Amino acid sequence: MELTNDLILRAARGEKTERTPVWLMRQAGRILPEYRAVRNSLSGFIELVKNPDLAAEVTIQPVDILGVDAAIIFSDILVIPEAMGLPYEMIEKKGPWFPNTIKSEADLKNIRIADSSSDLGYVIDAIKVTKRELAGRVPLIGFAGAPWTIFCYMVEGHGSKTFSNARKMLYTQPALAEKLMQMITDSTITYLKAQIEAGANIVQVFDSWAGILSADQYEQFSMKYIRQICSAITDVPVTAFAKGAYFARKSMATLDCETIGLDWNMDIKESRELVGPNKTLQGNLDPCALYGSNAEVEAATKKMLDAFGPDRHIANLGHGVYPDIDPEKVKVFVNTVKEYSTTLRNS
């Protein structure tokens, strides 16, 4: 299906665009009353993720309401460990919880490499429904968690500031860690390929806990596996986003991907120098900037756009939008990107 708006795809490929494309991480839900209405009609988050029609509905809401240039499928990075045989629960106001975790070699016998068609068919169906309902208005982003981030949850069993159990395994059982990481990587590659076959136009790999590793460990226990994923995805553009991995930007420039996501602590000029001219950069407004007044949001957005320049940039936040952000402030951000980036190109 031909896309009416393909700005994000063109920007990812380094082509000239009439303005800077814009979308937000975690745009599908969280801030929108329309999302909460759908969510409250169900038992919880996981039921919504596993209902293709409703997942498609909340995926499309920010396109209609906020005016973003791409939809991102409503799902969760933790569908991968569940598909591998390690189910999770989503505890309200606390986050994910895994009743069972990986502690030893013996635990690997209880998990498997995920089968995308049987274990993750609900996500694939949601993508197909979303594509039909979008009718070519904007591209659809597919995604998965990076193997290191998924590993953290499979070993730790819940969110953490330090993920000390996961990091401990890197020191005490590195062979086990690498074996599990490879299983996650293999599962993720087949999963992303299934998303693309179902209609995803671009995919993003989220390494949410990249910043808790040292530079050497990040290369060994994360970049090695992200590299495999990027090299395996050849049909659509790939974005790699590693939160907190400021030390890895030069290494990320060697990934076989089109776009590198920046968090809000990564200096834009320095990042461009480290990454070089042949990758698109995505980001990186501080999500907390959206707590400011309309004028302050507008000023911060313009400052960001000036720093990135008109080429090879996809506007976004430096992490996901926070749930108590006013949707009207998000609209100011989105509209400022559209209007100001158009003006810059015409001036």
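**Figure 1. An open sheet of 7 strands.** In this predicted model, the strands line up in the order β1-β4-β5-β6-β7-β8-β9 with parallel pairing. Strands here are DSSP E runs of at least two residues, and helices are H or I runs of at least four, both numbered from the N terminus; two strands pair if DSSP finds at least two bridges between them. At the edges sit β1 (71-72) and β9 (313-317), each pairing on one side only. Local features need pLDDT of at least 70, side-chain atom pairs count only at pLDDT 80 or more, and totals for chains, interfaces and linings use all residues. Residues are numbered from 1 along each chain as its sequence is written, and side-chain values use heavy atoms, leaving out hydrogens and water.

**Figure 2. Where β7 meets β8.** Strands β7 (residues 259-261) and β8 (residues 280-285) run parallel, joined by 3 bridges. Look for T259, which stands opposite T280 in β8. Helix α14 (residues 294-308) packs on the sheet and touches β8 and β9 (contact means heavy atoms within 4.5 Å). The direction of α14 makes about 155° with that of β8; angles run from 0 to 180 degrees between N-to-C directions, with axes fitted to C-alpha atoms, for helices over the stretch in contact.

**Figure 3. Helices α10 and α11 side by side.** Helix α10 (residues 174-198) packs against helix α11 (residues 215-232) at about 25°, with the axes 10 Å apart. That makes the two helices roughly parallel (angles under 35 degrees). Among the contact residues are M181 and L192 of α10, plus F221 and Y225 of α11.

Technical notes:
Parallel < 35°, antiparallel > 145°, perpendicular 65-115°, else oblique.
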